[in-house]
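Work through these exercises with the structure open beside you. Try each task before you read its solution.

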Amino acid sequence: MLRAVRPSFPILALTAILALLPLTPALAQPAEDAPRLHELEFDWARDGVITGSAAVLWISSEALFKSDLAPATCRWCDRAPDGTDRLNRLDRWGRGLAGNTEASRHRAGHWSNIIGFGVLPAGVMGLQYAVGRGSDSPSRFFAQDATIILESAMLATLANQTVKFLVGRERPFVHVLPEDQKRLTDQPSDNNLSFYSGHTNLAFSLVVSAGTVAALRGYENQAWIWAVGLPLATSVGLLRMGADKHYLTDVATGAVMGAAFGVAVPLLLHGRTGGVESSAARRSPTAARLMPVAGARMAGFSGVF
């Protein structure tokens, strides 16, 4: 007959530690208390049609029909009938940001294109992917998020193009030219499309829609989208003024309108429809199933991992 073995002090200590482990917050957090992400209303057919239609209308109006749709002469000229300059004080002050030389204005315009159509869109999408994956979101979320962001941007851009054609404000660099030289610019069809800034409108619609979608999803570290995106979007507007392509009121209106679409489209078309556990929570249904086991002859623990 085997002799009974009394538990030694190390075994008792181990048993006590194992008994206390479930009280550790990191291990004992029930699954139902884990941070939840949110499903958003989304339909590939509906949102694909909206995004694609807006993109086709914008691109065709820009590449194919611009010379027919853009006003040949300004409707908003900032001049009195006798030719007196009536540019408001705010825009007159804002023109101080314009480059002093043709080279500097060209450089500002070049960088506004690089940042507005390249760096910022790529950065926004990259940050959206990063914060989503950092929150252990399901893999399908990023494709939906990207589509919502593009949908917001395309609708904002189409609205901007419509307003430009209707308002017909003369661009700053055209405004200062003698009347007989205004038709000699590189792109005469673009002379009277100053209000409101399309580059700024697009930049803010991308950043704000990405931030709004991240907030609706419940992503962690979503502040990075705002912290990086808003300064970049602002720089696009300032560069457009530096290129003498837009007045301050054009850029400010573009920022407001882009931000409005960036908030409205996700909220109105893609509200929350329910919660979903993060990938980590689904992989680990419980983190508090650690059970101490002790007896006269053994001490240990069992659990579900």
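**Exercise 1.** Which residues form one aromatic cluster?

Solution. W76, F195 and Y196 form that cluster. Rings of Phe, Tyr and Trp (its six-membered ring) pair if their centres lie within 6.5 Å. Next, look at W76 again: the charged end of R169 sits over its ring, 4.0 Å from the centre. Such a charge (NZ of Lys or CZ of Arg) must be within 6 Å of the ring centre and within 35 degrees of the ring normal.

Before going on, note the ground rules. This is a predicted model, where local features need pLDDT of at least 70, side-chain atom pairs count only at pLDDT 80 or more, and totals for chains, interfaces and linings use all residues. Residues are numbered from 1 along each chain as its sequence is written, and side-chain values use heavy atoms, without hydrogens and water.

**Exercise 2.** Describe the aromatic pair of Y129 and F142.

Solution. A pair of aromatic rings is described by the distance of the centres and the angle of the planes. For Y129 and F142, the centres are 5.2 Å apart and the planes stand at 85 degrees. That makes the pair edge-to-face, since planes under 30 degrees apart count as stacked, over 60 as edge-to-face and the rest as tilted. Helices (H or I, at least four residues) are DSSP runs, numbered from the N terminus.

**Exercise 3.** Is T200 buried or exposed?

Solution. Start with the location: T200 lies in helix 9, residues 198-217. Its relative accessible area is 1%, so T200 is buried. Buried means under 20%, exposed over 50%, and partly exposed in between (1.4 Å probe, protein chains only). Finally, list its contacts (heavy atoms within 4.5 Å). Beyond four places in sequence, T200 touches V236, G237, V251, G254 and A255.

**Exercise 4.** Why does the length of helix 7 agree with expectation?

Solution. Helix 7 covers residues 140-167, which is 28 residues. The expected span is 1.5 Å times one less than the number of residues. Just after helix 7, G168 takes a positive phi of about 65 degrees.

**Exercise 5.** Where does pLDDT stay under 50?

Solution. pLDDT is the predictor's confidence in each residue, from 0 to 100. The protein averages 86. One stretch under 50 is residues 9-31; another is residues 284-294. Where pLDDT is low, the predicted coordinates should not be read in detail.

Technical notes:
Helix = DSSP H or I, 4+ residues; strand = E, 2+ residues; numbered from the N terminus.
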